[in-house]
Amino acid sequence: MTKNKFVINWIDDMAKMTQPDKIVWIDGSEEQAEALRAEACSTGEMIKLNQELLPNCYLHRTAVNDVARVEGRTFICTSKKEDAGNINNWMAPSECYAKLTKLYTGSMKGRTMYVIPYSMSIVGSPFAKYGIELTDSIYVVLNMLIMTRVGTDVLEALGESGDFIKGLHARADIDEENRYICHFPEDNTIWSVNSGYGGNVLLGKKCFALRIASYLGRKEGWMAEHMLILGIEYPDGETKYVCAAFPSACGKTNLAMLIPPELYSKKGYKVWCVGDDIAWLRVGEDGRLWAVNPENGFFGVAPGTNENSNPNALHTTMKDTIFTNVVHNLENNTVWWEGLDKNPPHNAIDWKGNVWDCTKYDKKDKSTCGAHPNSRFTAKATNCPCLSKEFNNPAGVPISAIVFGGRRAKTAPLVYQSTSWQNGAFVGSIMASETTAAAAGAVGVVRRDPMAMRPFVGYDMGDYWAHWLKMGTVIPNAPKIFHVNWFRTDDNGNFIWPGFGDNMRVLMWILARCEGKVNANITPIGYVPNAEDINIEGLDGITLDTMKELLTVDVDSWLEDVQNIKEFYAQVGDRVPQTMYDELAALEARLNAAK
Ligand code: GTP
Ligand code: SPV
Ligand code: MN
């Protein structure tokens, strides 16, 4: 398929090590994909679902020990430990290559190695970066075909160049103890072994488009961020774009596909999705920040997705979708997950492959769930009813606002605005969120997750903050930076804010601020809305007093947070920019003055 010597020599080396029976090049054709689907069904790797109700849809179950990203086994292998930083796990490249070579050697005996040439972003566009993933998993091939732009045109665009990301994935024994997700940013290389799950193995996504790309972005003067991109179209036809960074399973897909409340839709407002997980950002010739979504599909959280919460996502998954670790509904050969509807199937198989008794389901006991809390759908962007017409625009879209956010039961108000780019970068650096099922480990523990990038920065976190600060000096018309929290709870632990589509009410305040059309209160943490400036028309149970409660800045809990931030900064280490310490000291002083 190519004469590129860099590609051929590398594949030769990898094949010598992994020893597959054969090598198959993925050309991006429907015929080849169809043959692979049939093969995966014949071996039980995938289950073909009801083709009338869910055309071209399939179900896959991963190993029970392999259901989420494994941050503890994810490594950044730079030659100097300091360059990976304190927040990342580090291994010396030579040690890591040696260790993984042992695990890879002979791992593809009796199996096929698939060669997937893919592009992140539109082939041939200024944003585009190319990768080749070698894998012995058909599931990975079929997911990559949805998530990225795959095919011979990528090899043509690459030509004779060696400038591509070399990804190697082997399932090996799916052995947890020997699972490694390793990045060699200095070598443009990613090695993943002993997993078959999502972010661990679809190497174009978190491994390339965030970890490697963030490293490249710093070197080349752009940014790779864990952000959704959405457009809000005003009744006059103008569209404004917003990027938002929330940690895993904190609402990016939902916000990216939101349905405007009637209050706005009846006036002609529309919301368009450009991306739901990753944004690559560059300064445009006009001095604004421009964003593309480098992906071509969505790898979305299934539980909680329903006709009310996210009908656009649900409709996107009605065809051409691979479901992972959801319930298999044997009544009609479809799928189900917690929160889809109130009618769990009575004849069903759970995500582990066992008969599932839905009558034993107990909301408080995750082990009774039919679908894994981190079960997912892989769906084509082009099947999304609200996909932006700019999705395939190689120039991207101009960004008016950047929004950070997390899950905070207390502390963070519904929304606030930073006072400058520098202060906004600081707000990103102090982000925190309760952990979710998207990564292995405890759920619901508050941890600092700067810019929602804690697991995804391919270099030192302090250097990453310095890069953010530096970008602020080279974007003449920089977006304004905000922070939101949809997850404040009342004394009974219930979410106060309705969330989902109603989050548009907050976005409208944000855009009004960007245009200087609405005033705000200055508080120690930044600008907070006047309660009456967020439109609550048509919202059941939300009064002006509720809004006041959602917008309060509790000085004592913020001061507690400041202590925690200090510890975190110390943990990040020597490379935290002085500017961030200055911002932190200024925040603390303002909080103390407000006591
Ligand atoms: P990743 O794909 O892991 O990066 O996650 P994500 O950030 O795209 O999160 P997603 O939109 O899939 O939402 C994750 C969970 O948060 C789902 O269970 C949603 O139902 C829930 N969620 C999303 N938005 C809201 C909201 O506005 N309010 C509340 N209460 N829950 C929300
Ligand atoms: C996330 O965890 O942020 C995801 C899913 O988007 S994964 O692809 O597994 O990283
Ligand atoms: Mn994500």
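Which residues coordinate the manganese ion (ligand 3)? I began with this question, keeping in mind that I am looking at a predicted model.

**Entry 1: the manganese ion**

I looked up the donors and found that Lys206 (through NZ), His226 (through NE2) and Asp277 (through OD) coordinate the manganese ion (ligand 3), at 2.1 to 2.5 Å. I then checked the geometry of the site, which is irregular, with angles of 64 to 174° among the six donor atoms. Along the sequence, I noted that the donor residues of the manganese ion follow the spacing K-x19-H-x50-D. Lysine 206 sits in helix α8 (residues 204-220), while aspartate 277 sits in the loop between β15 (270-275) and β16 (279-283), so this pair ties together parts that are 71 residues apart in sequence.

**Entry 2: ligand 2**

I went on to ligand 2 and listed the residues around it, which include the three metal donors Lys206, His226 and Asp277, and also Arg69, Tyr197, Gly199, Lys205, Ser248, Phe299, Arg376, Ala438 and Phe456. By class, I found that this shell divides into five charged, four nonpolar and three polar residues.

For the polar contacts, I looked at oxygen atoms of ligand 2 and recorded a polar side-chain atom of serine 248 at 2.5 Å from one, a polar side-chain atom of lysine 206 at 2.6 Å, and a polar side-chain atom of histidine 226 at 3.3 Å. Is ligand 2 buried or exposed within the protein? I noted that ligand 2 taken alone exposes 280 Å², and that the protein buries 98% of that.

**Entry 3: ligand 1**

Next I turned to ligand 1, which has 21 residues around it, and I wrote down that Ala249, Lys252, Thr253, Asn254 and Arg376 come nearest. The shell around ligand 1 holds 10 nonpolar, seven polar and four charged residues.

Among the polar contacts, I found an oxygen atom of ligand 1 at 2.7 Å from a polar backbone atom of alanine 249, and an oxygen atom at 3.3 Å from a polar backbone atom of cysteine 250. Arginine 376, which is also listed around ligand 2, has an N or O atom in its side chain 2.7 Å from an oxygen atom of ligand 1. On its own ligand 1 has 660 Å² of accessible area, of which the protein covers 91%.

Which elements give two or more residues to this shell? I found α9 (252-256) and β18 (297-301), with α9 giving the largest share, three residues.

Definitions and conventions. Residues are numbered from 1 along each chain as its sequence is written. Chains are lettered from A and ligands numbered from 1 in the order in which they are written. This is a predicted model: local features need pLDDT of at least 70, side-chain atom pairs count only at pLDDT 80 or more; totals for chains, interfaces and linings use all residues. Side-chain values use heavy atoms; hydrogens and water are left out. A residue is near a molecule or strand if one of its heavy atoms lies within 4 Å of it. A polar contact is a pair of N or O atoms within 3.5 Å; within protein, one must be able to donate a hydrogen and the other to accept it, and residues adjacent in sequence count only if both atoms are side-chain atoms. Accessible areas come from the Shrake-Rupley method with a 1.4 Å probe; for residues, only the protein chains shown count as cover. Helices (H or I, at least four residues) and strands (E, at least two) are DSSP runs, numbered from the N terminus. Ala, Val, Leu, Ile, Met, Phe, Trp, Tyr, Cys and Pro count as nonpolar, Asp, Glu, Lys and Arg as charged, and the others, Gly among them, as polar. Donors are N, O and S atoms within 2.8 Å of the metal (3.2 Å for Na, K and Ca); water is not among the atoms, so sites may look incomplete. Four donors count as tetrahedral if all angles lie between 85 and 135 degrees; four count as square planar and six as octahedral if opposite donors are over 155 degrees apart and all others between 65 and 115; anything else is irregular.
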